[in-house]
Amino acid sequence: MECKVLVCAVLLTLVKHGSSEEIQASLNTNASLPCNFSIAGDNPDVSLIKVSWIRDGSEVASFGEAAAEIKEGFSWNTADFIHGDFSLTVLTASLRLQGVYECSVSINATTLLSSNVTFTVIAAPSLSVPQRWVVFERESQLECYASSFHPPPVFFTWTRDGQVIQPPKQVEGEPTLDGSYTAVSNLTVWASRDDQNLTYGCRVSHEGIDQELDFQLNITHLPTVRLSVVPSSSKSIPLTLYCDVESFYPEEMSVSWFQNGTSLPDPPVTHQNPDRTFRTRRYFTLSPEERQKRGMVECAVNQPGVVSPISASADLDNVDPQDETPVLTKSAKASVAMMCISIVLVFLLCFGFSWRRRDEKQKSLNVSGLILPPRVTVGQKGRVTVSIEGRRVDRVHTSWFLNDTPISDTSLTASEKGPLLTSRGDTGYYKLHTQGPLRSSGKGTQQLISALTFIPQISLHKGAVFKCQVSYIGKDKIVEERVSEKFTILSPPEVSEIQLAETENDPEVISMTVRASYFHPDVITFRWFCQGGELSPVASQASSSPRPNSEGFFSAFSQCKLPRSELEKGAAKVWVSVHHIALKQPVTRETRGFIKRPRVSEVVAATNSSDQSLTLGCEITDFYPANISVTWLKLRDGEEDDREEEVMEGGELWGPVQTHPRLFRATATLRRNTTHQEKTNRRGGIICRVEHSSLHEPIEREWRTGDIAAPSIPPSVSVCWSSEGVGVFSLLLKGGHPKAKLLWTAGGPTFSPLVSSETEEIGDDGQRELRSVCALERSTAPPNPTNKQQERRKNKRAIKTKAAVTDPDAEGIEYIDGKVDGENNDISRDEDTLSEPEDEEEEDSDKEREDNPGALHINRVNLRTGPRENERARLRVCVEITHPTLKLPVYRIWTGEILYSQPPDAGRSDA
């Protein structure tokens, strides 16, 4: 007992005064109402603790003497009481459980804690736009409902094509029986043609959270209504009225008939106009009793979204006047009798004069109207038919016209599957049919059926009518003429696949474009969809009237954009449906994942100098996905139309290699050994064809045999020396196109250009060979003009180009590598001075070349003195080779030994 009193005394010091908290929870979720304080001492006696939760004066949970009572919808954990946690959990929060909850905790009848918790439930609104019908070019009201939300208020915002057209507006809403609120916002719309494919949105903000409902308008086109009456010959028969309703949309409509405010029934019949609106004519027959009532008759047209119906009315006194039956006088009766007698006499007289033409009287014909379907499709056959009945239809001839242009049978000259686009002056496809004569039901009468089969073409038949003239064979007189009504020409659209491309300003956004072409009439609708809902196009020609091309067909496109990340996942399926009056079912195009077109370089060729094989290469970059196909095709000699004569083997594909998270590159090569015929023939070629899933047609790159090809360059320069001290340097290039350029130079530390000679011919192996030759002369005397002139006159003969290069045993020519050291020393001793020729020598040299075109020009170069007294600089001969296939020029250098007053040993050739 003393221990209990001591515990109570300690607890009195820890008594907490009342506190207040606010707890918010979403609808249908669990919420915890806190009630906590620290209890001094370990393991207090639970039997002394009393806890109670009260809401609005009603106890919802209580605990005392180790027993607990709690209402349905609440829970707590009594095991936590010894730790000072007396929180209450609200299960499945609802609006009826809102209020102020009071928590009271006492130990041994002493209140230690009293706190208040205000519990509020937040319910998000649900959005709906029940009425989406608006009237074209009329003021209409749209209503957006936000229901079942709590607490108020909400904020409404209206958008059009992503743009805000009505700023946020606060609405408190009206309470409902379940404690939630309902609010409504109105938007006034003046619908135009531009609103047909635009997306409207109703955005609602509640407790900092935005919700938006997107939708498209259903536009109603108001009709024109005209009421008429079918004339009747008698007042005792029913009176038929008809109501013409023109230019309305959509097709769903109803016509109500009223007489003096009383509703009358009607049968619906509608027809569609070329502009996709509808027309109908409704009839109503008044009974004789209703006809006698007279008064106003009204035809009212009701449409979706239209509050006040469009109507037309007429007064029966004006459209159906009640005239009295005329009474004939005696004089009038006498006049009628005389007229009848006169008519009989005239008839008899005419019959007497025309008895010889009795056969022609039997030629009276009964010609029906032209039967033509109201709609025909481009490229599909249509048929116009007329029926002729009479006694002599076997002598009847029919002539057909398009407007006023005669039609002849072109079925033998024009193809049934000809092009849809006609050239200027084309008359089209027509086939004339005649069936009969057939026996008719009438006595002695026969029937003839004349028909015209045609293939519709917009450029020829749009707005045109057919005419049929009936006459007798051998007679120019036209007996009957029938004209058809205008018909509608339909052409279903050709829909492309969805093209994906990066946006110029933002590469992270991918634009998807689909195109429709060759359709008629011009009304077309594109609807984009993605998994999860409908998308809004960002650009479209379908919202405005597309302009026709020269053949009368229309084309349009629609574009939609999505983030690259959504497409590159590969799971974002996007599709577009195209709706047109000529289509029985909408055309659908779909795509999944990101696709990028490859870039293909030109074909580059290179020749291997070792085995003279030809290697072709083509770079393929920036494509996705990685699957790609390359085919090499051989062209016939000089032909470009037969491009696929032969598929070539030996092609290889290096890659694909990933260069970017969504980009790949690859290299296609083809190695082949050229034949002798291919080396000499410059007209053939090879095609590199690249196929990828992003391409409608393969990309082709063409390489011709006459295109650029690298020549084969030897590793060193060939050189031979004559006994007279003239060195002949030569270089042989094989293959290559076009011709390579060579520049010979010689000198010591610096080079001077030399004059060379080039010859081109076909070698034994069939390859083109380019041989370049350059000659240098050694002088045995110091640089003295007199000595040089005498030496020039002494040796007044030229070295033949071909003999100096091709024949090593020619007289006066020796190869340095083939001589002994002593003999070479005699030649090297003469290389003391090499100087430029004088003007007189140049003239002599030019004269020699004129006398002998095959002679070589002898070049001379001055060499500077070396660092030693008896030493001359090295003689170096260099040739520079340039060609379009070489990124840098190729050099071949021959270097001689250092020249002394004593003869040097020999020279060497370096590359």
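## V51 and its contacts

V51 touches A61, S62, F63, W76, F81, F86, S104 and V105, leaving aside residues up to four places away in sequence. Contact here means heavy atoms within 4.5 Å. The model is predicted: local features need pLDDT of at least 70, side-chain atom pairs count only at pLDDT 80 or more, and totals for chains, interfaces and linings use all residues. Residues are numbered from 1 along each chain as its sequence is written, and side-chain values use heavy atoms, with hydrogens and water left out.

V51 is among the residues with the most contacts inside the largest nonpolar core, alongside L33, W53 and F119. That core has 31 residues. A nonpolar core is a set of buried Ala, Val, Leu, Ile, Met, Phe, Trp, Tyr and Cys residues joined through side-chain atoms within 4.5 Å. Buried means under 20% relative accessible area, with a 1.4 Å probe and protein chains only.

Strands are DSSP runs (E, at least two residues), numbered from the N terminus. β9 gives the largest share, five residues. Another core lies apart from this one; its 27 residues include L370, I407, Y430 and Y472.

## Strand β41 and its partners

β41 spans residues 525–530, and five of its six residues are buried. β41 pairs antiparallel with β45 (residues 573–579) over six bridges. Pairing requires at least two DSSP bridges between the strands. T525 stands opposite H579 in β45.

β41 also runs antiparallel to β42 (residues 533–535), joined by three bridges. Here C530 stands opposite G533.

Terms used. Buried < 20%, exposed > 50% of the residue type's maximum accessible area, 1.4 Å probe, protein only. Helix = DSSP H or I, 4+ residues; strand = E, 2+ residues; numbered from the N terminus.
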